[in-house]
Amino acid sequence: MRTDVSPAPTRLADYRPSDFVIDSIEMNVSLDPARTIVRSTLNVRRRDGAPADAPLRLNGESLELISLKANGAAAQADSYDVEEKFLTIRGLPAAFILEIETACAPEKNTALSGLYLSSGMFCTQCEAEGFRRITYYLDRPDILSVFTVRIEAAKEAYPVLLANGDMIDAGDLGGGRHYATWRDPHPKPAYLFALVGGELVSVDDEFVTRSGRRVALKVFVQAKNSEKCAYTLDSLKRAMKWDEDTFGREYDLDTFMIVAVDHFNFGAMENKGLNIFNSAYVLASPETATDQDYENIESIVAHEYFHNWSGNRVTLRDWFQLCLKEGFTVFRDQEFSADMRDRAVQRIKDVRRLWSNQFPEDAGPLAHPPRPSEFVTIDNFYTATVYEKGAEVVRMLKTLLGPDKFRAASDLYFDRHDGDAATVEDFARAMEDASGIDLSQFRLWWSEAGTPHVDATLVSDGDGVGVALRQDAVPPRQIPIGYAIVGAESGRTLGQGLISLDAGAVDVRLDVAASGNERPLVSLNTGFSAPIVINVERSLSDRIALAKADPDPFNRWSTVDGLWRDICLADAGRRRDGIDAAAAYAGLRDALQGALANGDLAPAFVAQLLTAPSASDLMQGLDNLDPPSFADARQSVRRRIAVDLADSLAAAYECNRTPGAYDPSAADAGKRSLKNAALSLMVPAGRSALAAEQAAHAANMTDEAAAASILAQSTAPERDATLARFYERWREDSLVVNKWLAWRAMRPDANALSDVKSLLTHEAYDEATPNKVRALIGGFANLNLSAFHADDGAGYSFFVDQLLHIDGRNPQLAARLTSAFEIWRRLESRRGAMAKAALQRIADSTGVSSNLREMSARLIGA
């Protein structure tokens, strides 16, 4: 919708059930790129208690109404109204059959919402409100219907026709056309509807459920990509088994299908029985995909599969409950990944993502609770807060309840609400009923924005060890804070437990084993038990001791990360009070040296220790920011560490090679991560030739991409030749080329912006493909701080030009990119003024989508 005025917000407090229920829908979809005809037959009844004269108000956008019938009779012209976004029908009986015939134009649908074309293939994306672009309907998640879908299309052009559920019929129609009929027996909301038609091949496998049912697994791709699906199927089978073992959830249809599409606004979509995926999260081979790509595929395949229960079988009453299905499912996929890989490293990666994306969101103009109270466009609330913080809320529940009660509560939730549209309150009530624990205070986590800060003062005396905790959240949150007591000299664990901070301030004595004369150290928020910022009064020597020997791997990494941060901030002229930068640097250097020499530590864990916080992460919590100075400081400190640890880094590089056939397993991937983390430090210290050699002769994409990426972000003499060679080698593989586009966007010198502008007309770039837009435009704004925040404001101006241009074809994509401006209020005054002026240009523009207008207004504060 194009508008010069922001539409009125939708509010949680205003929710009420629809006056009508649609028990079933039969659709006949005749596919044609220019004019697809949809004939829908709806079995409708008035909800008990609804007013007898209430009209039926159906959602619809960009549709042509061809005909309308109720109980077989054509609707009279004065009995209905067609508006821009609604079809309103009056004078209907208590129960009736509604027949609607509409037309839509998939080839003109550049928003990638509803029914559209991707590389010549028909596909759909209906979450959140795309189904209304296919036919008129009550397009809201609390309307659950049984769908039967008959698809017709030209057989030669679209030989494969797919929809939700199981196929019940198929055949030829004559005239070169054919059909397939699919039925999903499970009532579902319209946002889970899916349809695909195209020239595809399927790569097949099978899974036998614990009850002995055989489920056909099919991944549909273009024929050229059929050799790149093995890991997707392997990940799917492991996810299905894990969900049975861990949550007791078994799959419920005869077929589970995944379709890879090139043009997609999201990572993937959990449509019942027919998941549609961004091709980046399906296709993988050792030559074209990195270890991170394999990890992403494993995680996202699991995430979408887990939605079969946490989102599909139990869905949402309204879109304000989005954190219920997404937060719960992210938690489930994080636990799956932790079980498949290294649990400690997975936790670090999850929290890095939370710190980088959600903490700034919670501290800036886009802050909102996991369950917001209002929105203008729900598309703008698929956020880190909903997903990542939502997952942390579920994780805290598991911590408070314990694993056995949490499993019982999850079972109760699934069983109690199977086939229902649930709320956060329903979820919390199941947790309470199964555990006997009152969660009334805990529920604030879903309704309050912001990251709680907790101040901790440690006391060690003759009576033992204590801690005084003070939180700033008002009203106070219930915060589970794990702790461990560590011997300062031995690193031995002397005690551990859990504190439930449920008041503004508490003083707690901690259980500690006898330690002789050894001084105890307290490690707080172990395993990142709560999504808080915890400030502990602690000497630098104690921090260094924990950096070297904290038995809690997350907190050991977090302490090292804090040392990196303090040293980089000091180098940027933003030294924290009381920090001795020289002593902190020596402590960091020694901690990293010890980790590199410690053969008992997992290589993937050591790689995390070697990875400094990003420049964006360094700026968190600070004002009067000059972003390029933080990028420069980070690079300076990394160069010093590389020089001082040159021999150890070189040894780590050599010892962690993985000769032989590529294996994406956690063990080999961990070795490659350490080898390439060492390389990323060595290049700024003068070892660019080693990176160029690795890029030229790598036996897998992980090593080739790591070396090329490192050089791309440097001014090394080998940079341009390496990037040119990479492009020439991979120019025919669109997904690989997307990496190259992102690297080009991160050019570290004064020519970065002109380079990005030149790529807008390059053969590798396609503004219709979200992956490419995110790589080039998103990469420039989010990852190239020096160019985006350039002194003259040219980076802001260019970015807004692109946002307005992208908005003309894909409003969801444009709106999501605006988060790069989240920092603008914290910039030094001159840059802040330029950034605000750029945002104001969006607000003042005519014909802007409601998606982009809402985001600019929230960022500006209007």
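1. The crossing of helices α20 and α22 is right-handed. A crossing gets that name if the near helix is turned clockwise from the far one by less than a right angle, and left-handed if anticlockwise. Helices here are DSSP runs of H or I with at least four residues, strands are runs of E with at least two, and both are numbered from the N terminus.

2. A word on the source. This is a predicted model: local features need pLDDT of at least 70, side-chain atom pairs count only at pLDDT 80 or more, and totals for chains, interfaces and linings use all residues. Residues are numbered from 1 along each chain as its sequence is written, and side-chain values use heavy atoms, with hydrogens and water left out.

3. Back to the helix pair. α20 spans residues 734-745 and α22 spans 770-783; they pack at an angle of about 15°, with axes 7 Å apart. Axes are lines fitted to C-alpha atoms, for helices over the stretch in contact, and angles run from 0 to 180 degrees between N-to-C directions. α20 and α22 are therefore roughly parallel (angles under 35 degrees).

4. Which residues of α20 and α22 meet? From α20 come Ser734, Leu735, Val737, Asn738, Leu741, Ala742 and Ala745. From α22 come Asn771, Lys772, Ala775, Leu776, Gly779 and Phe780. Contact means heavy atoms within 4.5 Å. The contact of α20 with α22 has eight nonpolar, four polar and one charged residues. Ala, Val, Leu, Ile, Met, Phe, Trp, Tyr, Cys and Pro count as nonpolar; Asp, Glu, Lys and Arg as charged; the others, Gly among them, as polar.

5. Now compare α5 (residues 384-401) and α7 (residues 424-435). They pack at about 10°, with axes 12 Å apart. That makes α5 roughly parallel to α7. Val394, Leu397 and Leu401 in α5 meet Phe427, Met431 and Ser435 in α7. By class, the contact of α5 with α7 has five nonpolar, one polar and no charged residues.

6. Next, the sheet. It is open, has eight strands and mixed pairing, and runs β6-β5-β9-β3-β2-β12-β15-β14. The edge strands, β6 (73-74) and β14 (166-174), each pair on one side only. Strands pair if DSSP finds at least two bridges between them. β14 and β15 (residues 177-188) run antiparallel, joined by seven bridges. Asp169 stands opposite Thr181 in β15.

7. Finally, a loop residue. Arg133 lies between β11 (121-125) and β12 (145-154). Leaving aside neighbours within four places in sequence, Arg133 is in contact with residues including Glu61, Cys104 and Asn109.

Terms used. Parallel < 35°, antiparallel > 145°, perpendicular 65-115°, else oblique.
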